[in-house]
Amino acid sequence: MTASILPRRRYIQEQAAKGRRPVGVLPAQYPKEILWALDILPVEIWDPPLEVSSAGAHLQPYICSVVQGGLELILQGRADQMEAFLFPHTCDSIQNLATVVNDYIGLDRPCYFFYHPKAPYRPSSHEYYYGQINGLAQRLAPQFGPLDEAKLWSAVRQGAKVAELLRQLYMLRAQNNLRCSAVEFYELIRLGEYLHPDDFIPALEDFMAERSGPGPDGPAVVLSGVLPNPVALLSALDELGVRVGHDDLLACSRRMLAPPAHDPDPLRQLAKAYFGLPPCSTKNSPLGQRLEFLRVILDRSASRGVIFNLVKFCETELFDAPQLIEALKSQGVPTLFMETELNQGLSGQLATRVEAFVEMLG
């Protein structure tokens, strides 16, 4: 289903030849429709498979590996295709990275910043967010040209189509009507981190057409954390006969499953969709809302437990996880807590803990 998709670097080169100018985007949430409308190809930087060497000289040793990997990618020149970088204000660590890249390493390309509101949300939060996405378009204009309303509407419609297809895929998986492994599912979902919707939409449609049908047997679990990495965890669950019924991952459901929104102003339509996304630690969502969301996706997917797999030193997730785990346990929901580094597989000890957790699910 993805055989026709070029490797990431070659795909970016191909898109650049078509006039779509690549911009590196750090995690996590941003109005990608505005970038599409400006003929920008957003290329997200989450977990490049690099050994961190140079970044350590610029960062605290207790910073998460998402930030370390992003800076290492830039310092090694592996992001030289990018014409600029965009830093959403996801957490203090990403904000720190934005300062290092923009102010201290002598980067010769522009850096843009995007600040989304934190909860609790009020009517003024909606106006603030509307102003932020409007302001981002204006700041990008000198380098990429003015925003054309017709192209923005086209991009908004494509964004809505992507969100609808993702909701359908998540629903099929929750109902165990998708014939795929966890590894295959997240390989597909993560293509959206760099594919233009002209290519991502057909990839989603083809996958759904080819894989709709009864899924694998076995108990289901919910994954919670930042992103589906290390892949070794997904492989271990596949090998143990456990299916992932749903997820509460920052890189996935928390920023992808936007509800339908309608407004005669395309920017306000984007703003409405943003405030309908699932609760998230990076938005300072109340714990009660996060617990309710977890209960909904547990019930929807008939999952028997939750695996909290956090990136080591991820402060925002670590603030919420202990209380979420305690609340779930009090409701009789088994949980497993893990902290892992990106791209480093599973240690023998962690693999044993996963196996023991699966045995407990029965």
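Is the crossing of H6 and H8 left-handed or right-handed? The legends below describe a predicted model, and they begin with this pair of helices.

**View 1. Helices H6 and H8 cross in a left-handed way.** The axes of helix H6, which covers residues 149-174, and of H8 come within 10 Å of each other and cross at roughly 25°. Because angles under 35 degrees count as roughly parallel, H6 is described as roughly parallel to H8.

**View 2. A salt bridge joins Arg20 to Asp198.** In this pair the closest N and O atoms are 2.7 Å apart. Side chains of opposite charge can pair when their charged atoms come close. The structure holds 21 salt bridges.

**View 3. Asp248 meets two arginines, Arg254 and Arg290.** The salt bridge between the side chains of Asp248 and Arg254 has an N to O distance of 3.0 Å, and the one between Asp248 and Arg290 has an N to O distance of 2.8 Å. Salt bridges that share partners join Asp248, Arg254, Arg290, Glu317 and Asp320 into one network. Are Asp248 and Arg290 buried or exposed? Both Asp248 and Arg290 are buried. For Asp248 the relative accessibility is 0%, and Arg254, also buried, has a value of 0%.

**View 4. An open sheet has its four strands in the order S2-S1-S3-S4.** The pairing in this sheet is parallel. S2 and strand S4 (111-114) stand at the edges, and each has a single partner strand, so one side of each is left without a neighbour in the sheet. From one strand to the next, the twist averages 30°.

**View 5. Val25 has a partner in S2 and stands opposite a residue of S3.** Which residue of S2 is the bridge partner of Val25? The partner in S2 is Glu44, and S1 and S2, which run parallel, are joined by five bridges. Between S1 and S2 the chain passes through helix H2 (residues 32-37), and this β-α-β crossover is right-handed. With strand S3 (residues 85-88), S1 again runs parallel, and here two bridges join the strands. In S3, the residue opposite Val25 is Leu86.

**View 6. Strand S2 is mostly covered.** The strand runs over residues 40-44, and five of its five residues are buried. Both of its faces are covered, with Ile40, Pro42 and Glu44 buried on one side and Leu41 and Val43 buried on the other.

**View 7. Pro146 lies in a loop and counts as exposed.** This loop connects helix H5 (123-144) and H6. The relative accessibility of Pro146 is 71%, and a residue counts as exposed when this value is over 50%. Although Pro146 and Leu38 are 108 residues apart in sequence, their C-alpha atoms are 7.5 Å apart in space.

**View 8. Another open sheet has its four strands in the order S6-S5-S7-S8.** The pairing in this sheet is parallel, and the edge strands are S6 and strand S8 (335-340), each of which pairs on one side only. When direction is ignored, neighbouring strands of this sheet are turned by 20° against each other on average. Within the sheet, strand S5 (residues 220-225) and strand S7 (residues 305-311) run parallel and are joined by five bridges. Which residue of S7 does Ser224 stand opposite? Ser224 stands opposite Phe308.

Technical notes:
Residues numbered from 1 in each chain as written. Predicted model: local features only at pLDDT ≥ 70, side-chain atom pairs only at ≥ 80, totals over all residues. Heavy atoms only, no water. Salt bridge = Lys/Arg side-chain N within 4 Å of Asp/Glu carboxyl O. Buried < 20%, exposed > 50% of the residue type's maximum accessible area, 1.4 Å probe, protein only. Pairing = 2+ DSSP bridges. Right-handed = clockwise from strand over helix to strand, strands pointing away. Axes fitted to C-alpha atoms, helices over the stretch in contact; angles between N-to-C directions. Parallel < 35°, antiparallel > 145°, perpendicular 65-115°, else oblique. Left-handed = near helix turned anticlockwise from the far one by under 90°.
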